[in-house]
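Here are my notes on the model you sent over. Have it open while you go through the points.

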Amino acid sequence: MKAISPIPNLVEQVRDALLNEIATGQLQPGERIIQEQIAQALGVSRQPVQQALMLLRNQGVLQDAAGRGLIVTPIDPNHVHHVYQIRAAIEGMACRLASEQKADQARKQGAALIEAGRKAVASGSVAKMIAADIRFHEFLYGLSGNPLIGPAMDAHLTFTQRAMGEVLVQDQSPRDIWDQHAAILDAIAAGTPDVAEKLAREHLMQASRFMVSRLTELAAKPDDKTTDAA
């Protein structure tokens, strides 16, 4: 981890740095989180680290362990499925609203996000692939015009990053979901709410099925390194 400069959102920076370490496999499931080591590695005081750890604990990325403080939460495939069910419902609604209200903005700004996502896949960088995916979905929330969707989805996106990392770190040839993203964006830009909502729901439930299957496989065969990703 690189040292980061103190700025007003320092707690968020520490949280993001820790989440990146977990998602990219630098911190493993069940591994103990040592506050002092993190503060030293990031070049910050213990206070923002403590606050960031509590945020990640509240979002389910970390958990209490008797006599060990906080550890990285092992992934539960059932929880992944439940998260994606919620995402499918809310993001389907978000895409419907976006298509009804922000078709022009989708046409003007969406292509750059699709291109960035394809480049992230081509790079093979787990961190870049996750970041591009999250930016795309946050863009959809913004297009919806409903200011409550983003905050409501924050914990679910955080957990999604965690789950995606668990799969992507193990897989040599990431599954490219950007054709699906492009189709969702095209439906929004075309002003077809029913299609946009349907594609968004299908995309997320397909991702759920894949993630649950892959995580179950990895749990059964932890040394397996077959291809595909979320």
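1. Is T160 buried or exposed? T160 is buried, at a relative accessible area of 0% (buried is under 20%, exposed over 50% and partly exposed in between, with a 1.4 Å probe and protein chains only).

2. A word on the source before going on. The model is predicted, so local features need pLDDT of at least 70 and side-chain atom pairs pLDDT 80 or more, while totals for chains, interfaces and linings use all residues. Numbering starts from 1 along each chain as its sequence is written, and side-chain values use heavy atoms, leaving out hydrogens and water.

3. Back to T160: you'll find T160 in helix α7, residues 149–168. Its side chain gets to the backbone oxygen of H156 at 2.8 Å. Leaving aside residues up to four places away in sequence, T160 touches V83, Y84 and R87 (contact means heavy atoms within 4.5 Å).

4. Now the overall fold. There are nine helices and two strands in the chain, counted as DSSP runs (H or I of at least four residues for helices, E of at least two for strands) and numbered from the N terminus. The order from the N terminus is α-α-α-β-β-α-α-α-α-α-α.

5. As for overall dimensions, the C-alpha trace spans about 55 × 45 × 30 Å along its principal axes. Of the chain's 230 residues, 47% count as buried.

6. Last, the contacts: of those with a separation of 6 or more, 76% come from residues 24 or more positions apart.

Terms used. Polar contact = N/O pair within 3.5 Å; in protein donor to acceptor, adjacent residues only side chain to side chain.
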